[in-house]
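Please open the structure in your viewer and keep the selection panel at hand.

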Amino acid sequence: MTFSRQIKIAPSILAADFANFGAECRAIEAQGADWVHVDVMDGHFVPNITFGPATCAAIRPHIRGFMDVHLMIAPVDSYIEAFAEAGADLISAHLEAGPHIHRTLQAIRATGKKAGLAINPGTGIDAVAHLLDLVDLVCVMTVNPGFGGQKFIHSQLDKVRSLRQMIGDRPIHIEIDGGVTVETAPLVVAAGADVLVAGSAVFKGGSVDNPAPYGVNIAAIRAAAAR
Ligand code: DX5
Ligand code: ZN
């Protein structure tokens with residue numbers, strides 16, 4: 001896949017019907033999702049539990065495009081192979097998940113998958129500078145990870161701007177995760193983001209203009225991002 005900074009909308013299935021992931025993935029892709037964002041939580045790194053590699057593997061055949069797996073787990077390294085085998089196209093690990101993020105990113109790259117680096121709202125980007133050669137994406141969390149439907153943390157916009165400068169011409173995506181809505185989408189794009197994760201805004205943001213089966217509202221977010 002050639003690198004492009006064209007805006008990508010990545011609905012998070014954290015807000016989908018967990019008993020119906022196949023249909024949910026097909027619905028969001030039919031509605032124009034660019035990527036499918038899959039949130040893996042362990043009840044240890046974050047105070048919530050979702051699912052693991054077996055569920056990712058079960059979902060995979062229902063996704064025609066790009067599967068973006070966000071690991072909110074610690075430790076990470078011992079599970080990378082399993083998520084790669086489950087069919088992830090990109091695997092993101094958190095900077096805060098352990099003392100050896102450099103090794104973790106190397107291990108993700110070694111599987112042949114793209115590597116993402118996620119950073120919590122309380123984390124600065126100084127350390128990211130030393131990892132740029134190992135990442136295809138930096139995921140800036142604009143909520144504290146663990147739950148969907150939280151309020152966007154506006155202070156992160158400055159961080160996104162600095163990160164965009166730091167990245168320069170490198171082929172590294174900036175992904176925003178948390179509280180993306182039609183209101184916040186234009187702000188994050190203006191700050192330099194190109195991948196917008198949206199959970200509740202997609203799955204619970206139905207409108208008469210977007211009468212999709214699950215309230216999918218991807219077109220509205222894309223239009224807002226283009227403003
Ligand atoms: C939060 C997850 C997000 C979440 C976003 O820990 O990483 O991907 O699903 O949900 P919204 O869009 O509802 O903030
Ligand atoms: Zn996520």
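Select aspartate 158 and arginine 161, which both lie in helix 5 (residues 156-167), three residues apart, about one turn of the helix; helices (H or I, at least four residues) and strands (E, at least two) are DSSP runs, numbered from the N terminus. The two residues form a salt bridge, their closest N and O atoms being 3.0 Å apart; the term denotes a side-chain nitrogen of Lys or Arg within 4 Å of a carboxyl oxygen of Asp or Glu. By this rule the count comes to five salt bridges.

This is a predicted model, in which local features need pLDDT of at least 70 and side-chain atom pairs count only at pLDDT 80 or more, while totals for chains, interfaces and linings use all residues. Residues are numbered from 1 along each chain as its sequence is written, chains are lettered from A and ligands numbered from 1 in the order in which they are written, and side-chain values use heavy atoms, with hydrogens and water left out.

Next, select arginine 5, in the segment before strand 1 (8-11). Its salt bridge with aspartate 194 has its closest N and O atoms 3.9 Å apart. Aspartate 194 lies in the loop between helix 6 (185-191) and strand 8 (195-198), so the pair ties together parts that are 189 residues apart in sequence.

Is aspartate 194 buried or exposed? Aspartate 194 is buried, at 2% relative accessibility, where buried means under 20% relative accessible area, exposed over 50% and partly exposed in between (1.4 Å probe, protein chains only). Arginine 5 is partly exposed, at 27%.

Finally, select arginine 109 and aspartate 136, whose side chains meet in a salt bridge (3.2 Å, N to O).
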